[in-house]
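Hi,

Here is the structure I promised to pass on to you.

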Amino acid sequence: MTQVLKKYLVTVFLLLVCTITAPAQMPDWPKRDLLALKEIRTAASNVLVLYFLGPGMNDVNTAAGKWVVNGQQLQAIHQWSTPNWSGVDFGYEHHIYLPLSQPLAQGKQYTVATPYGDTTFTFDANNIFCESIKTNQSGYSALSKVRYANLAIWLGTGGAKAIEVGLPPYEVYDEATGKLVTKGMLTSRGKSDHSGDFVYRIDLSKVPEGGPYKVVVKGYGASYPFGVGGNFTKKLAYTSFRGLLHERCGIEQKQPYFDHNIRERCHPTVYLTNSPVKEAKVDIAPTDNIIKTFGGYHDAGDADRQDHHMIAPMVLLTYYDMFPQYFTDKQYNIPDKFDADHNPIGQGNGIPDVIDEAEWGTAIFEILQEENGGVRSGTERNGYPKDGVTLDKDTDQYAAFRVGKNSSAIAAGLFTHLARLLQPYNAQRFAQLQQRGEKAWALAGDSALPAHQLYYYIQYYLLTGNKAA
């Protein structure tokens, strides 16, 4: 592939990201009965953070006088609560910020009384997590000569805070050996126009390739571990692929391919309707046909599979186009052999995992393609599921939207792109996907947005060498 065509591909995907948008809404998670204290953290030299898991964000008792530290009643209690997305502990994460009248003292014991029980701990800045220290947990590039972490104090309902007296020193340690790697003083970057935070910079340019390391800010606490170099940044790709795998629709999620035995197969059928594309709204008639489906991804906690989801396999295939040398089969523990119900039974088909994952993301839109080439605009239900990530228990009716020219145009390029990359591995699938792409384009091409036209034309030319597409 020429460098010019590679640049075209990048341009196409920038345009696609701008023209395909995804609505999303948080589901109502099941609630816990009681708050459970999981960790004691810090946010500043004089601010403790109690991290709870528990019920809804409005159910936390932050009344004055109910929170006591070493006998001192605290009046200014701040809070930040957010849905917990871990997939194991449902409910909400609650960060309760407790400003103290004096800075925390190294080695001093503190007893904290709360409406949810009491706890005692000894403050050690080297081993307590400070939420305000922001490192790149995905890993820093070893090729870069410039690397930074930031410190920014934010107290939820208490807002952003500046360091009022003296900027503290920091040290960076090798976690395995405890050896000091580098040290310095925080430097102020002022108030951010974007976040409103008061930002303080930590220079990591002298931290060598390796790790994991941690930053310790004197009197504040320590960062999450981070590393420098490819052994750390490649974890980002692995985590991203595993995330896509766990969002697959129409597949049972069980070990050894999934991290836990999570659920049975979900959403195996949909109705075929004449509904236009709407968020959480379809009109199902008693006479509508039902078809079996699989493929695609759940979206932000619900289970629709709309046409903007095609951006996922598009990006995967483009990554492979750009960097084929980095992708192999059995790289991300992704199943690629299935039984008749599309449940995983093995892996190792000789095709790089990135292409297999893109094929799964594409499959639902192949199923939604009509004989005339048109592709339905995805699947949806009325309202949002109430079972969160336990979507195999979501037994509400799902339905496919009617054929859309926009969805058909996007699918034409995707089918053609996938056909080209599968050609060396599976001649039958290659021919089938090429035909699907041509039929979809014949129906929708004249109405396609410029970005979608460019995507299809490039993919068709790369596949066939035909400049007259």
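Let me start with a pair of strands: S7 (residues 109-114) and S8 (residues 117-122) run antiparallel and are joined by six bridges. Two residues lie between S7 and S8, which together make a hairpin. Within this pair, Val112 stands opposite Thr119 of S8. Strands here are DSSP runs of E with at least two residues, helices are runs of H or I with at least four, and both are numbered from the N terminus; two strands count as paired if DSSP finds at least two bridges between them.

Before going on, a word on the source. This is a predicted model, in which local features need pLDDT of at least 70 and side-chain atom pairs count only at pLDDT 80 or more, while totals for chains, interfaces and linings use all residues. Residues are numbered from 1 along each chain as its sequence is written, and side-chain values use heavy atoms, with hydrogens and water left out.

Overall, the protein has seven helices and 27 strands. Of its 469 residues, 48% are buried, meaning under 20% relative accessible area with a 1.4 Å probe, protein chains only. Among contacts (heavy atoms within 4.5 Å) between residues at least 6 apart in sequence, 64% join residues at least 24 apart.

There is also an open, antiparallel sheet of four strands, in the order S1-S2-S6-S5. Its edge strands, S1 (36-44) and S5 (78-83), each pair on one side only. S1 pairs with S2 (residues 47-54) over seven antiparallel bridges, and Glu39 has Tyr51 in S2 as its bridge partner.

Now for the interior. A nonpolar core is a set of buried Ala, Val, Leu, Ile, Met, Phe, Trp, Tyr and Cys residues joined through side-chain atoms within 4.5 Å. The largest one has 50 residues, and Phe241, Met310, Val354 and Ile355 have the most contacts inside it. Elements that each supply at least two residues of this core include helix H2 (230-246), strand S19 (269-272) and helix H5 (405-422). H5 gives the largest share, ten residues.

What does Phe241 touch, leaving aside its neighbours within four places in sequence? Phe241 is in contact with Leu316, Phe327, Tyr332, Ile334, Val354 and Glu357. A second, separate core has 26 residues, among them Leu155, Val207, Val215 and Phe226.
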